[in-house]
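Let's take a look at a protein together with its RNA partner. Have the picture open while you read.

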Amino acid sequence: MEKKVTISVKGSPPVEIRAQGLNGLKALRALSMDNMERMAAIKINGEIKDLSAEINSSAELEPVYIDSQEGLQILRHSAAHVMAEAVRELFPGTKVTIGPAIKNGFYYDFDYERAFEANDLPKIEKRMAEIIEEDLPFIRNEIPHSEAIDFFRSEGEPYKVELIEELSEEAITMYRQGNFTDLCRGPHLPSTGKIRAFQLTHVAGAYWRGDERNAMLSRIYGVAFADRESLNAHLKNLEEARKRDHRVLGRKLDLFTIRDDVGPGMVIFHPNGAMLRRIIEEFEIKEHLKRGYELATGPQLLKTELWKKSGHFDHYREHMYFTSIEDQSYGVKPMNCLAHMLIYSSKVRSYRELPKRYFELGTVHRHERSGVLHGLIRVRQFTQDDAHILCTPEQLKVEIQNILDFVRDIMAIFGFDYDLEISTRPKKSIGTDVDWQKATKALIDSVEEYNLPYQINQGEGAFYGPKIDVMLKDALERSWQCATIQCDFALPERFDLTYVGPDGEKHRPAMIHRVILGSIERFLGVLIEHYAGAFPLWLAPVQAIIFTITDRNIPYGEDLLETLSGAGIRAGKDFRNEKLSFKVREAQMKKIPYMLVVGDKEMETGNVTTRLRDGRNLPPMSPKEVVDRIRDESKNRR
RNA sequence: GCCAGCGUAGCUCAGCAGGCAGAGCAACUGAUUUGUAAUCAGUGGGUCGGGGGUUCGAUUCCCUUCGCUGGCUCCA
């Protein structure tokens, strides 16, 4: 008797069908599913598989469409395989390594006699288009471990051999399309023809397995989407994002410059930029004082001996700058913690005064490798909104939760979404395992009690303790670490910090290093992109600009300027003998929130006509009404 | 630091099979007294990132160095 199985798909009645030769595609066809041509894969009892996967027992099925999150992932991965085939064909001798799908696209790392360059991409794209045109099926195949190794050896693919040697599975899954076979878990599209919209974007160097001791490979990046329209939309988005780039806006808005002759990673803030950061710094000081922090200020140079004591010399030296004064060696501070600990240890502390929260807008210098510098976001001198909290171990969790509250409040004001990441003990570190475990647990417990989603990064903590990082995204969707909360049992130990407990005995306090914005420079960079340069009124370096229509209006304009400045509003003027539209255009490009027009009409009535940055005009108001409006809006941080 | 690409006027960029270095915007001067995203006319401005080499001659080719960009790595 022939075997039958029952298959079903959510939302429609189950169907009984002959098991012989049944696969995903046939099953979905039997269930008369719509949009068959848009299917990329299938879920069989929740497990994602190729459409060609065999079905030999009753199962619940779910199609995976090519434009779904999972479908796109498969599409991009398949595109990577097609690229690998094209490259191997066009550049004989190329060894393939790995080629995953990534956000919006894919990459593949190759080892070739020379690095690939942008000029090579059109040729590769052309060949890929041909492979897609041929509509070659992706064929899955499982072979024994040893056979897989033999196969890739014979193909001259040492990287694949290395990968397989590390796999413990008996059977190795391979995928083949045309004459290219790759080690791959899958799933893949049914055939290359489903790749409708892709583009190779750029090349880059990348180390084999991300380790700089390994060979430098040549990576080619591409993007791929379900259809041409989505691809074009994505490319257009990228274009828009580039216009938001803080390095471009920084110049246009006259915020800052970074110059060769000054030094890489060293920022010069122009008046507008300096104003912007000062507004943020003053805001921060207020917010910290509100939450029980005390101000502290440490020196820029501290004796090298002290950096040895703290462990920075052993673990962080390559990022530090040293100098010598009267035969004494000094280190320029890369972190602010030392002075804060010394304030703590300047007298005997009682448990009654804990927690101590020391806050400093501390400027630090770090020797970042030249290749990583990036506008304001990665620099060599920056100012942190840094605090160190010394508390009893029992207070640790509440303190961490207070900080998480603080982060939430501040990010809400700026309108940022963020992700949390917890990093654990790195190889190069100080302190005992027990302390590391305690500290790591404190961090995880705090976040979990808050029901906040988080991701764990194994071995990525600071050398003195585990940490929670708050990641913000820039215009190009790159994530940047801003706030960070780091636990530390090691430094209090090294500096022999103590407090007297209720029992009259000395105890060791725990320490938290934390920043909310992180680096003011980096935060500003992300902020510029976040607002596309159109800062809300409370942050705008110039909040209002006054325009005259003719020279007759200048005295009235000067009076108005005085009124505004007197009221604490950051106001400017454009009294030049130019047409109004010309002045409006300039102010508009500088993204100034309020444009205040004073002409003969306004002089007669003693009023002001206001144009807002979004193009709206307000009815004429008295100078006092304008002042009140701007002050209100500014106070509400809009 | 590593791989690749790129450095031309204040900015954005053109030029260069090796033969006197260009545009637009900005700046400056003059005219215009102007009502919500560019008034007109004129003028000045470059050791073609720095150093070295090849050449009769280098912005152009080669080497080197500094810097920038995209990644890798690292991190606020």
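Three strands line up as an open sheet in the order β9-β10-β11, with antiparallel pairing. Its edge strands, β9 (139-144) and β11 (180-183), each pair on one side only. On average, neighbouring strands here are turned by 30° against each other, direction ignored. Helix α2 (residues 69-90) packs on this sheet and touches β10 and β11, where contact means heavy atoms within 4.5 Å. The direction of α2 makes about 125° with that of β11; axes are lines fitted to C-alpha atoms, for helices over the stretch in contact, and angles run from 0 to 180 degrees between N-to-C directions.

Helices (H or I, at least four residues) and strands (E, at least two) are DSSP runs, numbered from the N terminus. Two strands pair if DSSP finds at least two bridges between them; β9 and β10 (residues 171-177) have six.

This is a predicted model: local features need pLDDT of at least 70, side-chain atom pairs pLDDT 80 or more, while totals for chains, interfaces and linings use all residues. Residues are numbered from 1 along each chain as its sequence is written, chains are lettered from A and ligands numbered from 1 in the order written, and side-chain values use heavy atoms, without hydrogens and water.

Now the RNA. 60 residues surround RNA strand B, each with a heavy atom within 4 Å of it. Helix α17 (residues 580-589) gives the largest share of that surface, six residues. Here are some polar contacts (N or O pairs within 3.5 Å):

| Protein atom | Atom of RNA strand B | Distance |
|---|---|---|
| glycine 205, backbone N or O | base oxygen | 3.2 Å |
| glutamine 481, polar side-chain atom | sugar or linking oxygen | 2.7 Å |
| arginine 522, polar side-chain atom | sugar or linking oxygen | 3.5 Å |

How values were computed. Polar contact = N/O pair within 3.5 Å; in protein donor to acceptor, adjacent residues only side chain to side chain.
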